[in-house]
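Please examine the sequence and the structure shown below before reading on.

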Amino acid sequence: MEVARFWRTTGQRYQLTGEICPNCGNKIFPPRDVCPTCEHEAKTAYTFSGKGEVYSYSTIHAAPEGFEKYVPYTVALVRLQEGPLITAQLTDVDTHEVKVGMPVEMVTRVLREDGERGMLVYGYKFRPAVASPR
Amino acid sequence: MRDVSIIGIGQVEVGEHWDKSLRELGYYALNAAMRDACIQHIDSLYVGNMLSGELTGQEHIGSIIADFAGLRGVEAVKIEAACGSGAAALRMGYIAVAGGMSDFVACMGVEKMTDRQGNTVTSALAMAADGDYEALHGLSFVSINALLMRRYMHEHGYTKDDFAPFAINAHANAVNNPYAMFHNPITRKQFTESKMIADPVSLLDSSPIADGAACVILAPTAIAREFTEKPVRVRASAIATDSVAVHDRRDPLFLEGGAISAQKAYSAAGVGPADMDLFEVHDAFTIMSALSLEAAGFASRGKGVALAQEGQIMPGGRIPITTMGGLKARGHPVGATGMYQLVELATQLRGEAGKSQLANARLGMAQNIGGSGATVVTTILESSF
């Protein structure tokens, strides 16, 4: 991954920073600057809670370059509590236990390594939701 | 606007062409189409291709192929819309001829994939997805289709085995297509037991990567008869888009781009799904067949798989699909696929499909899909002889 591309997307990858539309209140992730619902300009930052549930999932057995050593790994579409769908890997879970509708929460993990001397790319993954301490 | 017809078609066998380069494949298809149309000259060449730069280290292939084919000087450009590149090239040629800018236009699709290793091709194909928000997270293109298939099964109550008729029909229809990659019929048992790629998508849900090239020659309908006894009219050619990332779709299980492009095409041709004698569907994965049938109005929401289970997609059914093998069994050289669909559709409409020939094939449609639905090209062709 290129350094500049890594740097300019850290907000969304580390903190789930998206946007909220000042016109219709739609919450947007990933950030896209124009509301897909009402087409109004939407540049107001909004940080998502990271809570959601599994909308769909798949376990990958044949990986793209750079992900071979993680096989098998499970990817998912997660419906965030605030509305948008997000694509991410699931972690800390046995593949066979994943179900549509399972509550999950965002954590920060290594997404990939670009070789021994390359960058470690960190970003969001989702794990089964842990009950919050009292 | 001028009425446009296909006056020539050409294709090379889909397969692993280790002895042929991208430019050779393109030239063979172009040459075959020009011979079929009995012409020595074209005004322009539109080359549909997705991955020449990434997989063969060669961009600028419009000029490369024109020059290699002995057409130096001609207008030639590459058209790219992921797996929708082939039919997108036809759309560009259609605009040129219909608009009166060119009289003889070659529209080609070409792709060279098998020189490279599997994971390199897997990464290259993932470029049809959203780089920052899908591919960066390790999603392969197969897995994106798997997410759609899982959700479809969940919402509509199907099992994985319910998708078998799509693959079985495609393989059965490829047996007599000399240009198809596979000529082996498959059984339900083979489908059920096939190797898992990205759960629930297994090998026999998936189309194979391949090399290939296909080409058509367009000309004004008014002069088409001077070059062929069997002109095939382009009744409509329409492109529509949707978000590249599945998570950005209003409803991931509805191909909005597919519905919009189909409606545009129906409206331009003044016909509807009930008028179609056949439908070449973009069956990159079995789930895509179901979603495309639904978006184009051949089945209601959630009923695409049921239509296949009832046998209505087979020759003699209500809407035969993948009549020459489809992406699944003819093979899926990504940027060339859309043009193979159109060459096959024209072959059926000319009555030249041999043992694969449908009894009544006068009006047909093809839907070529880029990515998981971000670009959808719908083309309607009709026999006019």
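Which residue takes a positive phi just after H3(B)? That residue is B:Gly70, with a phi of about 80 degrees. Helices (H or I, at least four residues) and strands (E, at least two) are DSSP runs, numbered from the N terminus.

This is a predicted model, in which local features need pLDDT of at least 70 and side-chain atom pairs count only at pLDDT 80 or more, while totals for chains, interfaces and linings use all residues. Residues are numbered from 1 along each chain as its sequence is written, chains are lettered from A and ligands numbered from 1 in the order in which they are written, and side-chain values use heavy atoms, with hydrogens and water left out.

Helix H3 of chain B spans residues 61-68, and its buried residues (under 20% relative accessible area, 1.4 Å probe, protein chains only) include B:Ile61, B:Ile64 and B:Ile65. Among the elements that cover the buried residues of H3(B) are helix H1 (22-37) and strand E4 (105-111) of chain B.

The contact (heavy atoms within 4.5 Å) between the chains takes 36 residues from chain A and 32 residues from chain B. Together the two chains bury about 2,900 Å², 57% of it on carbon and sulfur atoms; buried area is the accessible area (1.4 Å probe) that two parts lose on being put together, summed over both. Of the area that chain B buries against chain A, 25% comes from B:Tyr133, B:Leu136 and B:His137, more than from any other three residues.

Two salt bridges (a side-chain nitrogen of Lys or Arg within 4 Å of a carboxyl oxygen of Asp or Glu) cross this interface. B:Asp132 forms a salt bridge with A:Arg5, their closest N and O atoms lying 2.6 Å apart.

Key:
Buried means under 20% relative accessible area, exposed over 50%, partly exposed in between (1.4 Å probe, protein chains only).
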